[in-house]
Structures are given as C-alpha cells and as structure tokens.
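Hi everyone, thanks for coming along. Let me put the model up on the screen, and then we can walk through it together.

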Amino acid sequence: MPIQAAANRIKMEMASGKTRSGEGEKPTQHEILQQTGISEADCEKFKDSEHWLEFFPPKGTADLKRFGVLADWRRSFITTAKNPFFDSFIRWQFNALKAAGKIVYGKRYTIYSALDGQPCADHDRSTGEGVGT
C-alpha cells in the first residue's frame, strides 16, 4: 500500500501540474524523489508502482551492506503479488492457518482506502483521521 500510495501521489501531482510545494507546505512526492537524487526526467517512471519495486530494493541492499549488515542476500525477495511464488506460499499459509482454527474471521472496524478499494493502515492515507501524527 505505501508504494501504491506514493505512485498515486506522483500521478496526481503530475496530472495537476503541482509538483512543487508552496511556502510552509509539506514537500510533494515529486520533490521527495528529487531530494533523493532522482532526476526530473526519471520522476515520470515512478507513476508505476512496479518501478518502485525495481528501483529501490537494490539501493536498500547496497545501503545495508555499507552499514555492515551480514545477511544471506540470496534469500531476499519481494513480498507482493509481483512475486507469484512467494504470494502463493503466503496464500497457502493463511489457508492452512484458517483450516487449523488459528485464524478467525469476524467483524471489526478497519480503515478503508476508497482510492485503492481495499483496507489499509492509517499511515497509508494522505487525508483523514490520524494523518501526520
């Protein structure tokens, strides 16, 4: 969700032409990308959430290696539907846990993103209760 939300913000900013924040406003997603060293021309690519998954993981890995993190980098993976093998494993795991009575479905209040048509965390929203806290 956070990746999709950021891609949506880039789309909306570019469609509206508001890629710069005003005095005293929070920076736009476009400005944040540029502050991380991404060129004006390359910002357009970030309208696609898939591009985020291709661009940032290698940079994160490189940063962690520079920090001296010792990890088995061969076991690194994307945890979204972009990785069908892992996604099917997670689906199997949830179904197995449900069949074993370890997961119980019920009714409870949740935060819902009307834009993406699915439940989300409060920090994934750009407006509404709790934003910016």
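Ala15 sits in helix α1, where helices are DSSP runs of H or I with at least four residues, strands are E runs of at least two, and the numbering goes from the N terminus. Buried or exposed? Ala15 is exposed, at 71% relative accessible area; the cut-offs are under 20% for buried, over 50% for exposed, and partly exposed in between, with a 1.4 Å probe and protein chains only. Its C-alpha atom is 27 Å from that of Thr80, 65 residues away along the chain.

A quick word on what you are looking at: this is a predicted model, in which local features need pLDDT of at least 70, side-chain atom pairs count only at pLDDT 80 or more, and totals for chains, interfaces and linings use all residues. Residues are numbered from 1 along each chain as its sequence is written, and side-chain values use heavy atoms, leaving out hydrogens and water.

Back to α1, then. Just after α1 comes Gly17, with a positive phi of about 80 degrees.

Which residues of α1 are buried? They are Ala5, Ala6, Ala7, Asn8, Ile10 and Glu13, and they pack against α2 (29-35), α3 and α4. Take Ala7, with 0% relative accessibility. Leaving aside residues up to four places away in sequence, Ala7 touches Phe46, Lys47, Asp48, Ser49 and Trp52, where contact means heavy atoms within 4.5 Å.

Now for the helix pair. In general, two packed helices are described by the angle between their axes and the distance between the axes. Here, α1 (residues 2-16) and α4 (residues 49-66) have axes that come within 8 Å and cross at roughly 115 degrees. Axes are lines fitted to C-alpha atoms, for helices over the stretch in contact, with angles from 0 to 180 degrees between N-to-C directions. On the α1 side, Ile3, Gln4, Ala6 and Ala7 meet Ser49, Trp52 and Leu53 of α4. That contact has five nonpolar, two polar and no charged residues, with Ala, Val, Leu, Ile, Met, Phe, Trp, Tyr, Cys and Pro counted as nonpolar, Asp, Glu, Lys and Arg as charged, and the others, Gly among them, as polar.

How many aromatic pairs does a search of the whole structure find? Seven, where rings of Phe, Tyr and Trp (its six-membered ring) pair if their centres lie within 6.5 Å, and planes under 30 degrees apart count as stacked, over 60 as edge-to-face and the rest as tilted. One of them, Phe46 with Phe56, is tilted, at 5.8 Å centre to centre and 45 degrees between the planes. Phe46 is buried at 0% relative accessibility, whereas Phe56 is partly exposed at 28%. Ring pairs also join Phe46, Trp52, Phe55 and Phe56 into a cluster.

One last stop is His30 in α2, which is buried at 0% relative accessibility. Beyond residues up to four places away in sequence, His30 touches Ile10, Glu13, Met14, Thr19, Arg20, Glu40 and Cys43. Thanks, all, and over to you for questions!
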